[in-house]
Amino acid sequence: LRQSLAKRSQMAFFHSDIHTVGAGYHELVWGDSRSKDVWRKKTVLVCTLGRNIGAILFMDGRRVRNSPLNELYTSNRSASLKSDAGEYKFVPPTPGSEGFEEWVETLDGYLAEITNSLPSGIDRMVLVPTGRMARTSVAEVILASDQLAKTRQLVADRGADLVVAETESEANIVRGTALDAIFELQVNQAQRALDGVLNDSKILQHLSTVQLHAIFDQMDVDGDGSLEPQEINRALTLLGIDRDLERLLEELDTTQDGVVSFDEFLAWWRKNIMEARCVVTTSAKAWQSIVTNVNPPMNFGPLVLLKVTFTFCRSCRAFEPKWRKYSDQYKDIRFVELVGNGTVGAMEFCTQELGVKASPAFFVFRRGTDGGQLVMSWTGASVEKFETNLDTCIQQEAERQACDA
C-alpha cells in the first residue's frame, strides 16, 4: 500500500475503501438482496459486524456519496466492540459467559446510533457478520428475535425490514470491492468532467450555454452528438438534481427516438432549471451568497426559504412537485434547495451548523449582510405545516415592516 501511495501521482485512478462497501455491493448483486425489487429506487443500510462495525448507505443500488454516516462509521472512525482476547485480536464473547449480555447491549447501542443518524427513512437494514464473528455461533445468538431490541424497534418505526445476510467470506468481499471500484471510476470520470466546466459555479441557474454544452460533450463519449437518458441522469445526479428516469426520458426525448440531443437537453434545462423560481445548489457558499444579498433580483422580498434535501430521501422526492408549485404561489419569497450530500461542505453545513436531523428540513431566513436571521424552521413533508408556517412568517414580516415604517 505504501508503494502504491508513493506512485499515486503516476496513476490515472486510485481508489480505497472499507470492507463494508465490498460486502454491501456483494449483498445487493449476488446475495440475498440481489432482487431488484429489494433495492430498486430504495434505500438500503448495510452494516458489517466484526471487530468493528461498518455502515454504508445505498440508494438505488449505488453507494450514497457524502452520507451522514461518514461522520460515524466509515473512514473517519470505527466503533470498536469489546473483546477479551487482546487489542489486536477480536474474539466475540461466548454466549452465556460473563459480560456477554453487556457486549450485546453495546452492539445494540451502536446499531441504534447508526440508524438514528440518518435524516430520512430506510427500506431495509442488512446485518452482515464478518471475520471471527462469522466463524462462530455468536452471530446466530445475537441476531435472534429477542436480541438487539433498540435497533429492531427503530427499524420497525421507520417501516423498514431488518435482515441478516449470509456470512461474508474474503472472496465475496473482494468481488464486491472490485465492483465498487468500477462504479467509483465511472463517477470519478464524470465528476472530473463536470468540475472542468463548472469552475466553482455551484448555483445551477448560473451555468451558461457554453458550460452546459461542455458538460454534454464530456458525457458524450463516442462523440455522436447524443446521449442515453441514463448518462444524463447520472450527470444530473452529480449536480444534485434527482429525477425519476422514466419521467426524465419523457421530458427530454421530445423526438421520441430513444436518445437525447443537446438541443433537447438545453430546452429541458431552460424550462426546468434556468427559468424555475427554485434555486438548486450543492454549495454552502452559494447559499451564503443568496441569504446575504440584501438587493435580490426578480423583485424578491427579504425572506428566503431554504429546503435541505438528500439524494437518498424518499420524502424529499415526493415533496418536489409541491415545492415547485409553492414557489409560484409565494412569489415574494426566494426558494432555495440545498442538496445536503451534494458536497462534503454542504453536508457539514447541514449537519453541524443547521443541525439537520430529518429531511426535508425547512429554514426561513431574513436576508442580511451578516449571514441572515433565522425566522422559523421545521421538518417533514406535511403540506398543512408548510403552508401554516410560511404564512406565519409572511405575516410577521409584514408586521415588522409596518412597525419600521
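Predicted model: local features only at pLDDT ≥ 70, side-chain atom pairs only at ≥ 80, totals over all residues.
1. Residues are numbered from 1 along each chain as its sequence is written, and side-chain values use heavy atoms, leaving out hydrogens and water.

2. Start with helix α14 (residues 314-329) and helix α16 (residues 383-404), whose axes come within 12 Å and cross at roughly 25 degrees. That makes α14 roughly parallel to α16 (angles under 35 degrees count as roughly parallel). Axes here are lines fitted to C-alpha atoms, for helices over the stretch in contact, with angles from 0 to 180 degrees between N-to-C directions. Helices are DSSP runs of H or I with at least four residues, and strands are E runs of at least two, numbered from the N terminus.

3. How do Arg314 and Asp123 meet? Their side chains form a salt bridge (2.6 Å, N to O), meaning a side-chain nitrogen of Lys or Arg within 4 Å of a carboxyl oxygen of Asp or Glu. Arg314 lies in α14 and Asp123 in the loop between α4 and β5, so the pair ties together parts 191 residues apart in sequence. Asp123 is buried, at 15% relative accessible area, while Arg314 is partly exposed, at 32% (buried is under 20%, exposed over 50%, partly exposed in between, with a 1.4 Å probe and protein chains only).

Note on methods
Parallel < 35°, antiparallel > 145°, perpendicular 65-115°, else oblique.
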